[in-house]
Amino acid sequence: MKELDAIRGEVLGAVETAADLAALDAARVAALGKKGRITGLMKTLGGLEPDARKAAGAALNEVKMAVAEAIEARRRVLERGAMAGRLEAERVDVSLPVRPESAGHVHPITQTIDELTAIFAEMGYSVAEGPDIEDDFHNFTALNMPEEHPARQMHDTFYLPHRPDAEGGSTVLRTHTSPVQIRTMMNSTPPIRIIVPGRAYRSDYDMTHTPMFHQVEGLVVDETTHMGHLKGCLIDFCRAFFDIDDLPLRFRPSFFPFTEPSAEVDIGCRRSGGELVLGNHGDWLEILGCGMVHPNVLEMSGIDSSRYQGFAFGMGIERIAMLKYGIPDLRTFFDADLRWLRHYGFVPLDMPSMAHGLTR
Ligand code: PHE
């Protein structure tokens, strides 16, 4: 039994000093494993007299239990230590600013698209897209501009080399986002409520024109929509976008082949000393075109014009961005000048939302 006491002391010592879970397991195997010391002693019991076997068996069992208990206790200590070590090593300071290394900025066009999308999303619109390379049918014909229609000359169109296999006639770089009205109506059934932010192209270049620019189209089609809804929607949009609660809007009769009646919308402003200030100041500035979708357009898009009606609008994204953020020259949007971007750009990850504010 002296021997048993010695083994007990050694084994418990190894368990208690095991530095990590692997060392603890090695100590366990050395004592209780198939070839372990205590297991070895168990095997000798068979050769003893019955009385001696009983006494030795009880003593051995006691040691075995003590060792097992010690192993469990040590395991808990080591596991707790390992967890504490991981927590320390993987610690994050959640109060640190997000990605402090980010030096990039969001381009004002992207920012403006995010802002107007947030406003229209709140009103229940979804975002639709279409191709930049359009065919004659979607860009003109289906928008009530048949071949030889004089309105076609209003757009300085970029025509692409003729492809004899082209389905919708010759191909062009779309001169506005309106062809997506047609694509949407042909591919869905009313009610329709979409906006289409995207690029448009016209062969023109000066202070206020670039050959590529951005527009946002709006289209609503259902059984009851009328001009009052169009006005309300655009009034709400402009006031939210420019963040001026009493911004006045003026709807002036105008002409577009694809809407009837048509209107151009002016917002209130003041011009003094080369400066332009938006608000209820008596002067007016044109910002967008709109109207009730022409029945011919509904019909050409496969929609029953005796049952459905709707409104559409289109506005230049650079234009409203310039007005809101005081950017004087349209061409600078596309100069890819980092100094300009640092000045007019926006902090990434501050996504515009109606709940948190459009800009921060
Ligand atoms: N597509 C027109 C343009 O580019 C704008 C517009 C869209 C007008 C929808 C009315 C309705 O000038």
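Guide: Start with Pro-191, which lies in the loop between α7 (179-187) and β4. Keep in mind that this is a predicted model.

Visitor: OK, what is the peptide bond from Pro-190 to Pro-191 like, cis or trans?
Guide: The bond between Pro-190 and Pro-191 is cis, and its omega is near 0°. In general, most peptide bonds are trans.

Visitor: Which residues does the other cis bond join?
Guide: Glu-260 and Pro-261 are joined by a cis peptide bond with omega of about -5°. Pro-261 is placed in strand β7 (residues 259-272), whereas Pro-191 is in a loop.

Visitor: Backbone angles next. What is the phi of Glu-148?
Guide: Glu-148 is not a glycine, yet its phi is positive, about 75°. Most residues other than glycine have a negative phi. Glu-148 is in the loop between α6 (136-139) and β3 (171-173).

Visitor: Is Glu-148 buried or exposed?
Guide: Glu-148 has 72% relative accessibility, so it counts as exposed, the cut-off for that being over 50%.

Visitor: And what about the phi of Ala-336?
Guide: Ala-336 also is not a glycine and has a positive phi, near 55°. The loop between α10 and α11 holds Ala-336. With a relative accessible area of 76%, Ala-336 is exposed.

Visitor: Let's change topic. How many aromatic pairs does the structure hold?
Guide: There are 11 aromatic pairs in the structure. One of them is Phe-120 with Tyr-125: the ring centres are 5.1 Å apart and the planes are at 65°, so this pair is edge-to-face. Phe-120 and Tyr-125 are both buried.

Visitor: Why is the pair of Tyr-325 and Phe-346 edge-to-face?
Guide: Because the planes of Tyr-325 and Phe-346 are at 65°, and planes over 60 degrees apart count as edge-to-face. The centres of these two rings are 4.9 Å apart. Tyr-325 belongs to helix α10 (residues 317-325) and Phe-346 to the segment after α11 (338-344), so the pair links distant parts of the chain, 21 residues apart.

Visitor: How accessible is Tyr-325?
Guide: Tyr-325 has a relative accessible area of 21% and is partly exposed. For Phe-346 the value is 14%, and that residue is buried. The cut-off for buried is under 20%.

Visitor: What about helix α5, how far does it reach?
Guide: Helix α5 (residues 108-122) has 15 residues and spans 21 Å from its first C-alpha to its last, close to the 21 Å expected. Its buried residues include Ile-109, Ile-113, Leu-116 and Phe-120.

Visitor: What do the buried residues of α5 pack against?
Guide: They pack against the strands β4 (192-201), β5 (212-222) and β10 (309-316), and against the helices α8 (227-242), α10 and α11. Just after α5 comes Gly-124, with a positive phi of about 95°.

Visitor: Now Ser-301. Where is it found?
Guide: Ser-301 is in the loop between α9 (295-300) and β10. Ser-301 counts as buried, at 4% relative accessibility. Leaving out residues up to four places away in sequence, Ser-301 touches Ile-182, Met-185 and Met-186.

Visitor: How far apart are Ser-301 and Val-67?
Guide: They are 84 Å apart in space, C-alpha to C-alpha, and 234 residues apart in sequence.

Visitor: What domains is the protein divided into?
Guide: Domain 1 (4-89) and domain 2 (108-344). Their centres are separated by 80 Å.

Visitor: Last one, the whole protein: how many helices and strands are there?
Guide: The protein has 11 helices and 10 strands. Its radius of gyration is 38 Å, well over the 21 Å that the globule rule gives for 360 residues, so the protein is more spread out than a compact globule. Its C-alpha atoms fill a box of roughly 120 × 50 × 45 Å along the principal axes. Of the 360 residues, 43% count as buried.

Methods: Residues numbered from 1 in each chain as written. Predicted model: local features only at pLDDT ≥ 70, side-chain atom pairs only at ≥ 80, totals over all residues. Heavy atoms only, no water. Phe/Tyr/Trp six-rings, centres within 6.5 Å; stacked < 30°, edge-to-face > 60°. Buried < 20%, exposed > 50% of the residue type's maximum accessible area, 1.4 Å probe, protein only. Helix = DSSP H or I, 4+ residues; strand = E, 2+ residues; numbered from the N terminus. Expected span 1.5 Å × (residues − 1). Contact = heavy atoms within 4.5 Å. Domains from an automatic or database assignment. Rg over C-alpha atoms; globule rule 2.2 N^0.38 Å.
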